Amino acid sequence: MTERVPSVPAQVISERRAFQTSQQWHRFAFEIFPAPFGNGALLDVGCGGGGVSARASAAGWKVTGIDISPQNVESLLGLGMEAHVVDLNGDFPFEDESFSCVTCIEVAEHLVQAEHAFSEIARVLAAGGRALFTTPNNASYRRRLKALKGRAPDDEGYHFRFWVREQLEAKWRNVGMRVETCNSYGFYPFVDTLTLYKVRTGKRRVYRVGKRLEALFADRFVWLLRKP
């Protein structure tokens, strides 16, 4: 008999995430992070170690964090913010239109019931509210090359969902959300080789990728979504 895929792996419930604000997805997300507006309340979905929440609080938002891990919730409470243990595959414990902004940074790929989470985000957002959202692009050319070589398309931890642009944008449209600003980023083939950038620095150059090229060249989707 095929075993049922758990909505939350056991190790995640006891996990304590690091305090992070310095990944590439943070850089590109914070570039389009809105200043406080509306009621000034922000929900950090999958708050982890509290890095995004702390950045939002410093910007003037009144932050509430939710996460499946009690250790992560403890971290946020220790930073002086409100936080709750919540299974992000289920219902969020908040009234409709409670928040003006939601952050959901590198979370959707980990959720079996991501569509329900999208619906809950739209529900708790007030009209005109924004959601700052990032997730890996499973159809980027680099992941396609990995797959052709027989390697897993994404090497990070556990991922249940593997998003591509049209599918993902449609999921958000289905819950009434629209992409207002795109700040996705990625890598272009051959550029670093031809310019000797990788030889000189040992790194690859990261580029902002516009919507026309996003499906193939974006490593991460970085979107600011709006609820009309």
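1. Helices (H or I, at least four residues) and strands (E, at least two) are DSSP runs, numbered from the N terminus. By that assignment the protein has 10 helices and 9 strands. The model is predicted, so local features need pLDDT of at least 70, side-chain atom pairs count only at pLDDT 80 or more, and totals for chains, interfaces and linings use all residues. Residues are numbered from 1 along each chain as its sequence is written, and side-chain values use heavy atoms, with hydrogens and water left out.

2. Of the 228 residues, 49% count as buried. Buried means under 20% relative accessible area, exposed over 50%, and partly exposed in between (1.4 Å probe, protein chains only). The protein exposes about 11,300 Å², and carbon and sulfur atoms supply 52% of that area. Areas come from the Shrake-Rupley method with a 1.4 Å probe; for residues, only the protein chains shown count as cover. A contact means heavy atoms within 4.5 Å. Take the contacts with a separation of 6 or more: residues 24 or more positions apart account for 74% of them.

3. Helix α7. Which residues of α7 are buried? In this helix, residues 165-174, they are Arg165, Leu168, Glu169 and Trp172. They lie on the same side of α7, because they cover an arc of only 95° around the axis. The arc is taken from the directions from the helix axis to the C-beta atoms. An α-helix has 3.6 residues a turn, so residues three or four places apart point the same way. Glu166 and Asn174, on the other side of α7, are exposed. The buried residues pack against α5 (114-124), β5 (125-136), β6 (178-182), α10 (211-217) and β9 (218-226). Gly176 follows α7 and has a positive phi, near 90°.

4. Helix α5. Its buried residues are Ala114, Ala117, Phe118, Glu120, Ile121, Ala122 and Val124. Their cover includes β1, β4, β5 and α7.

5. Largest nonpolar core. A nonpolar core is a set of buried Ala, Val, Leu, Ile, Met, Phe, Trp, Tyr and Cys residues joined through side-chain atoms within 4.5 Å. The largest one has 30 residues. Leu43, Val45, Phe92, Ile121, Phe133 and Trp172 have the most contacts inside it. The elements that give it two or more residues are β1 (41-45), β4, α5, β5, α7 and β9. Which element supplies the largest share of this core? α5 does, with 6 residues. In soluble globular proteins, nonpolar side chains tend to be buried together.

6. Leu43 and the second core. Beyond its neighbours within four places in sequence, Leu43 is in contact with Thr64, Ile66, Phe92, Phe94, Phe99, Cys101, Val102, Thr103 and Val124. A second, separate core of 29 residues includes Cys101, Ile105, Val209 and Ala218.

7. Ser100. This residue lies in strand β4. Ser100 is buried, at a relative accessible area of 4%. The Ser100 side chain reaches the backbone oxygen of Phe37 at 3.3 Å. A polar contact is a pair of N or O atoms within 3.5 Å; within protein, one must be able to donate a hydrogen and the other to accept it, and residues adjacent in sequence count only if both atoms are side-chain atoms. Salt bridges. A salt bridge is a side-chain nitrogen of Lys or Arg within 4 Å of a carboxyl oxygen of Asp or Glu. By this rule the count comes to 14. Side chains of opposite charge can pair when their charged atoms come close.

8. Arg123 and Asp96. Their side chains meet in a salt bridge (2.7 Å, N to O). The pair links distant parts of the chain, 27 residues apart: Arg123 is in helix α5, and Asp96 is in the loop between β3 (82-85) and β4 (99-105). Arg123 is partly exposed, with a relative accessible area of 23%.

9. Glu106 and Arg220. This salt bridge is also listed at 2.7 Å, N to O. Glu106 is in the loop between β4 and α5, and Arg220 is in strand β9, 114 residues apart. Glu106 is buried at 10% relative accessible area, and Arg220 is buried at 5%. Glu106, Arg143, Asp219 and Arg220 are linked in a network of salt bridges.

10. Glu180 and Arg130. The side chains meet in a salt bridge at 3.0 Å, N to O. Glu180 sits in strand β6 and Arg130 in strand β5, 50 residues apart. Glu180 counts as partly exposed, at 38% relative accessibility, whereas Arg130 is buried, at 19%.
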